[in-house]
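User: Can you walk me through this one? I have a few quick questions.
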Amino acid sequence: MELNYFYIGFCVITLLNLIVSVLLIKRDDLEVFQKVAQVILVWLIPLFAAVGLWLFYRSQDKPKSIPKSFGGGTSSGTNTYNGSGL
């Protein structure tokens, strides 16, 4: 029974490493050396490097939301010109 848990854990970690390796290889913003070094790192430190690099690049790829303007526009009570010149 314990051997089955070992095989399941091994398969999960191997699948995770494979997925992260493919994601690293497909990235356009990395040079070849960076890709190779990070894939080697993922396979040398299996669980921690894979999860760490996946989370890092996931946070880098989130679309930036356009900040909404603060305040809601101009008010009729400020900065008005009444034509009297005073």
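User: What kind of model is it?

Analyst: It is a predicted model.

User: How many helices and strands in the chain?

Analyst: The chain has 3 helices and 0 strands. From the N terminus on, the order of elements is α-α-α.

User: And what share of the residues is buried?

Analyst: Of the 86 residues in the chain, 16% are buried. As for contacts between residues at least 6 apart in sequence, 50% join residues at least 24 apart.

User: Which residues make up the largest nonpolar core?

Analyst: That core has 8 residues: Val20, Leu24, Leu30, Val39, Val42, Ala50, Leu53 and Tyr57. Two or more residues each come from α1 (2-26), α2 (32-44) and α3 (46-60).

User: Which element gives the most to this core?

Analyst: α3 does, with 3 residues. One of the core residues is Ala50. Beyond its neighbours within four places in sequence, Ala50 is in contact with Leu16, Asn17, Val20, Val42 and Ile45.

User: Switching to packing. At what angle do α1 and α3 pack?

Analyst: The angle between α1 and α3 is about 40 degrees, and their axes are 9 Å apart. With that angle, α1 is therefore oblique to α3. The crossing of α1 and α3 is left-handed.

User: Which residues make that contact?

Analyst: From α1, Ile13, Leu16, Asn17, Val20, Leu23 and Leu24 take part. From α3, the contact is made by Pro46, Leu47, Ala50, Val51, Leu53, Trp54 and Tyr57.

User: How far apart are the axes of α2 and α3?

Analyst: The axes of α2 and α3 are 5 Å apart, with an angle of about 135 degrees. So α2 is oblique to α3 as well.

User: Why oblique, and what is the cut-off for roughly antiparallel?

Analyst: Roughly antiparallel takes an angle over 145 degrees, and roughly perpendicular covers 65 to 115. The α2 and α3 angle is about 135 degrees, so the pair counts as oblique.

User: Who makes the contact there, on the α2 side and on the α3 side?

Analyst: On the α2 side, Gln38, Leu41, Val42, Trp43 and Leu44. On the α3 side, Pro46, Ala49, Ala50, Leu53 and Tyr57.

User: Trp43, then: buried, partly exposed or exposed?

Analyst: Trp43, in helix α2, is partly exposed, with a relative accessible area of 39%.

User: How far is Trp43 from Leu18, in sequence and in space?

Analyst: Trp43 and Leu18 are 25 residues apart in sequence and 8.8 Å apart in space, C-alpha to C-alpha.

User: And Ser21, buried or exposed?

Analyst: Ser21 sits in helix α1 and is buried, at 5% relative accessibility. Leaving out residues up to four places away in sequence, Ser21 touches Val39, Val42 and Trp43.

User: Last topic, Arg27. Where is Arg27 found?

Analyst: Arg27 lies in the loop between α1 and α2.

User: Why does Arg27 count as buried?

Analyst: Its relative accessible area is 13%, and buried means under 20%, so Arg27 counts as buried.

User: What does the Arg27 side chain make a polar contact with?

Analyst: The partner is the side chain of Asp61, at 2.8 Å. Past residues up to four places away in sequence, Arg27 touches Lys35, Tyr57 and Asp61. Tyr57 is also one of the core residues.

Note on methods. Residues numbered from 1 in each chain as written. Predicted model: local features only at pLDDT ≥ 70, side-chain atom pairs only at ≥ 80, totals over all residues. Heavy atoms only, no water. Core = buried A, V, L, I, M, F, W, Y, C linked by side-chain atoms within 4.5 Å. Buried < 20%, exposed > 50% of the residue type's maximum accessible area, 1.4 Å probe, protein only. Helix = DSSP H or I, 4+ residues; strand = E, 2+ residues; numbered from the N terminus. Contact = heavy atoms within 4.5 Å. Polar contact = N/O pair within 3.5 Å; in protein donor to acceptor, adjacent residues only side chain to side chain. Axes fitted to C-alpha atoms, helices over the stretch in contact; angles between N-to-C directions. Parallel < 35°, antiparallel > 145°, perpendicular 65-115°, else oblique. Left-handed = near helix turned anticlockwise from the far one by under 90°.
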